[in-house]
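I opened this model to look up its fold, its cores and its aromatic contacts.

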Amino acid sequence: MNRTLKDKFPMYAVGVRDRGELAVIITMGEAKPDQMNLYFQNLFSIMCGLVESAMIRAFEYEDVARRSMLVPGTNLLKPEAFLPKVLAANDLKHDHMGDHLLLKVECEGNLEDVDSLLMQSIRQTDEAGMLTDDGVYLLMNQAGEKELPIILKRLTRSGLRCSYVPQTQEDALLSEAQSHIAQADDGGES
């Protein structure tokens, strides 16, 4: 509560924490003088408690949902979760509405080590995952062939070896992955 009525500061503020880290701050920007009492303070606290409780449940749900899409022990998306993201990026590229790069990561060592290097090296808008050929791929949204040399150099410095998947090869890979996942969904029947 802003007891000294400082200008440009909220009248009430409460922090919402997720696993001990501040995730969201709920504020009330202005309050009338008669709203600066214990009743309104308690009312604001109760409302914020309800919002906090809902947000924490949403954070937990998001975490559980995300984990079900990941290869166990990694942050790599499973093929059935990664494929729709690559397909969407590919459709945007074909429609001249966006650009992306698909890179194949040359895996040396176990997946956990590769995952660790990837998570330290990629942007928040990038996705790392596997396709049905058991290869590890990196989908770099909003990047094109012009940026490829810079990206490959940066990834190599990070200890990753990646190769660019040309558009025709990407189209064939995605088509194969789609049919493989469709067969798996049908119970293996063709």
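**Overall fold.** I counted elements first: the protein chain has five helices and six strands. Helices (H or I, at least four residues) and strands (E, at least two) are DSSP runs, numbered from the N terminus. Along the sequence I read the pattern β-β-α-α-β-α-β-β-α-β-α.

**Ground rules.** This is a predicted model, so I noted that local features need pLDDT of at least 70 and side-chain atom pairs pLDDT 80 or more, while totals for chains, interfaces and linings use all residues. Residues are numbered from 1 along each chain as its sequence is written, and side-chain values use heavy atoms, with hydrogens and water left out.

**Dimensions.** I looked up the radius of gyration (over C-alpha atoms; the globule rule is 2.2 Å times the number of residues to the power 0.38). The protein chain has 23 Å, whereas a compact globule of 190 residues would have a value near 16 Å. Its C-alpha atoms fill a box of roughly 70 × 45 × 40 Å along the principal axes. Of the 190 residues, 32% count as buried. Buried means under 20% relative accessible area, exposed over 50%, partly exposed in between (1.4 Å probe, protein chains only).

Strand 1 (residues 12-18) and strand 2 (residues 21-28) run antiparallel and are joined by seven bridges. Strands pair if DSSP finds at least two bridges between them. I found Tyr 12 bridged to Met 28 in strand 2. Two residues lie between the strands of this hairpin, and Arg 19 takes a positive phi near 55 degrees.

In what order do the four strands of the open sheet lie? I read 4-5-3-6, with antiparallel pairing. Strand 4 (127-130) and strand 6 (161-164) stand at the edges with a single partner strand each, so one side of each has no neighbour in the sheet. Neighbouring strands are turned by 30 degrees against each other on average, direction ignored. For such angles, axes are lines fitted to C-alpha atoms, for helices over the stretch in contact, and angles run from 0 to 180 degrees between N-to-C directions. Strand 3 (residues 100-106) pairs with strand 6 over four bridges. Leu 103 has Tyr 164 as its bridge partner in strand 6.

**Cores.** A nonpolar core is a set of buried Ala, Val, Leu, Ile, Met, Phe, Trp, Tyr and Cys residues joined through side-chain atoms within 4.5 Å. The largest has 19 residues; Leu 103, Leu 118 and Leu 138 are among those with the most contacts inside it. Strand 3, helix 3 (111-121), strand 4, strand 5 (136-141) and helix 4 (148-157) each give two or more residues to this core. Apart from it I found another core, of 17 residues, including Phe 82 and Val 165.

**Leu 101.** Is Leu 101 buried or exposed? Leu 101 is buried, at 0% relative accessible area, and is found in strand 3. Beyond four places in sequence, Leu 101 touches residues including Leu 138, Ile 151 and Tyr 164. Contact means heavy atoms within 4.5 Å.

**Aromatics.** My search of the whole structure gave one aromatic pair. Tyr 39 and Phe 40 are edge-to-face, 5.3 Å centre to centre, with 80 degrees between the planes. Rings of Phe, Tyr and Trp (its six-membered ring) pair if their centres lie within 6.5 Å; planes under 30 degrees apart count as stacked, over 60 as edge-to-face, the rest as tilted. Tyr 39 is exposed at 55% relative accessibility, and Phe 40 is partly exposed at 27%.
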